[in-house]
Amino acid sequence: MALLFLALVLQVESAVPSDPSAVSISPTGTSALAPTRLTAAADSLRNIAIDERLAADALLRIGDLVVLSATPGGDGDTVRVAAITRGAADPAEVARADHRIRLHLDQLQTLAGYGDRVDRFAIATGEGAATDTALRTINDAAFGFRAHRSTDIAVESSRTFAVVDRFHRAIGIITIVASATFLLCILLLKVDERRRDVAALRLIGISRRTVVRAVVIEAALVAALGSVLGIGIGWAASAIVNWHYRGVYRTPLAFALVTPQVIVIAVSLSLALGVAAGWLAARRLVRAQPLALFGR
Amino acid sequence: MRFVLAAASLQRQGTRTLLAVLGVAISAALLLDMVMLSTGMRESFRSLLSRQGFDLRIAPRGTLPFDTDATIADASAIARTLKEHPEVDAVSPVFGASVHIARDDATIAATALGVDPAVQGDYELLEGTSLPDTMSLVASDAFLVATGARLGDTLRIAAGYDPQLRTWLGRRALVISGRARFIYLPAEQRAIALRLPVLQTMAGAPGTDRVNLFMVRLAPDADADAVQRWIEARSPRVTAVPTAVAIEQVDARLSYFRQLAYILGAVSLIVGFLLVTTLVTVSVNERVGEIAVMRAIGVSRVHIVQQIILEGLAISLAGTAIGLLLGLGTARWLNGILATFPGLPEPIDFFLFQPRAAWTALGMLVLIGIAAGIYPAWRSASLPIAATLREEAVG
């Protein structure tokens, strides 16, 4: 009985055969690019909402009349564009250039010859245990149906994105190894260049320990400055990447983000490598005879 | 002599040389991977679509094959029309539906394809026979594993379920006549193929004389674009997609990976160039005195430049050779990750080693290594001998 008190929310778009492009849309005007304006006689027409991608591609505006049909060129309903919507950013659909139309459930059922059928129900439940109870009750009572937790469906439907995420991480590991090697090499060279300065410091009596500290601090400073510059370049690069791909895929999704976590990892890695390279090179330099460092 | 001197110079700074070679190796590996990614995807899809020799795919207007649930009505009439064209060799209709197999307490869902076994291009038979009659089916390995069935077994398969009447719809007893690899489906997908009229009948009204797709094989010298225009003029409810266009559409969807490959490939080339340039420049700056002595005892400028370029070349070659092995290993790893894309057909490889593209990219890296040494080498060989020797001697 508890099931009767649950709020049932029909996802209208889910009643569309899994891809809305299966429902063709054509303006009632003479040209697809010149849709008919709303007239007084059309006031009894039913309304639909279209997404902004479709509005842009078909040059549709609020008030335009269009014909919806289930098959290309088939009979259909004349409807009025009442709203233009913007879908939430969904990584799973980023590569699909779908057009979406939302219309009243009964109208779509009639249009698509679906009868009294829907693809799924979305059910709002109370907090915590209410979801478990609802899930169990539905699955026990309903024969031929299966209730799933929204989070499970989200996990399943975002598998594509999860794969891309794993791919990005793998590429990230490779680039980190490459940049770490590059950084280590450059810093070793940088410290090695200071051999004459180190020799001079040693000859005027500065201790090995102090020399090593000075070189390590210098290497750390270079690494820190490089990190700051790198953050700036990374931020600019991410802005370019987002601008480019948002345009390509027409989505508000962020493709590259410079997060505090990313900055911490990059700066820590850079500093650690800088200090390690500085220490290794400095230790090698202070062990050599000062005159040998002068090339004598 | 040049080789000996170059080798001695690199050995003298062993750690530095090792790190540089390692850096170039990683750059080369990344470059190779990105070249494999950018060219491999396209080639892999081209190979998949061309595998069965079909040149055109015909889908409901405005859709890609099996990209939606939309179907083509009056399939028989369209098939007849298609066969009228003199350049059309074969027409293979395909209808897809979900089917259910009741086993013990569980119901197993699978994808079913209705095909004409004489011209089908959706599966490669591995064992048994290919749909000898209307009572047979061909199954994928994943299907056989899920159902526990073997060749010769009879299964009761339904095309739907009416929850109100609690009865199966379009139920039939079918015998497994063959085991097959479904070319366009993921390996883990439970799939079967039936004769087209059988599946259409099982599906009931939604399947009546409907198909999702026609695959069309053309005569060897046929003009696919001309046939495409002819088909779309005769059947305005369909879209004919030549293989080249299908590849372009897939390419457009996966443009993100291609662009990522270009960017990272360019970055790896730049990193390789910077690494070798820095190393050679520092190395040369440290040896200006030595180079001045060589010049003073009569060694030619060209000889010195060649020796320094050889050092850059040695680092680049060693790094590239290691990078080739490293790149093939990492490509396999990355391909393994992308192969888990849901719904990806089994034969698709994102990373495909194509010798020409790979050698070109790695050759560029080596050339960059050579170019990186030219300027510092020429500059050091051009220094005034006496002034440099004096500077080095006085300090």
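**View 1. Chain B and its buried share.** Of the 395 residues in chain B, 42% count as buried. That goes for a predicted model, so keep this in mind for every view here.

**View 2. Where helix H5 of chain A meets helix H8 of chain B.** Here we zoom in on H5 (residues 159-192) of chain A, packed with H8 (residues 255-286) of chain B at an angle of about 15°, the axes being 10 Å apart. Because angles under 35 degrees count as roughly parallel, H5(A) is roughly parallel to H8(B). As for handedness, H5(A) and H8(B) cross in a left-handed way.

**View 3. Side by side, the residues of that helix pair.** H5(A) brings A:Ile171, A:Ala178, A:Phe182, A:Cys185, A:Ile186 and A:Leu189 to the contact, and H8(B) brings B:Leu264, B:Val271, B:Leu275, B:Thr278 and B:Val282. Sort them by class and you get 10 nonpolar residues, one polar and no charged ones.

**View 4. Confidence along chain A.** Chain A has an average pLDDT of 75, and 78% of its residues score at least 70. Within chain A, strand E3 (residues 47-51) has the highest confidence, at a mean of 89, while strand E1 (residues 7-10) has the lowest, at 26. The pLDDT is below 50 over residues 1-42 of chain A, yet the model gives this stretch 99 contacts beyond near neighbours in sequence.

How values were computed:
Residues numbered from 1 in each chain as written. Chains lettered and ligands numbered in written order. Predicted model: local features only at pLDDT ≥ 70, side-chain atom pairs only at ≥ 80, totals over all residues. pLDDT = per-residue confidence, 0-100. Helix = DSSP H or I, 4+ residues; strand = E, 2+ residues; numbered from the N terminus. Contact = placed C-beta atoms within 7 Å. Buried ≥ 20, exposed ≤ 12 C-beta atoms within 10 Å, placed from the backbone. Axes fitted to C-alpha atoms, helices over the stretch in contact; angles between N-to-C directions. Parallel < 35°, antiparallel > 145°, perpendicular 65-115°, else oblique. Left-handed = near helix turned anticlockwise from the far one by under 90°. Nonpolar A, V, L, I, M, F, W, Y, C, P; charged D, E, K, R; others polar.
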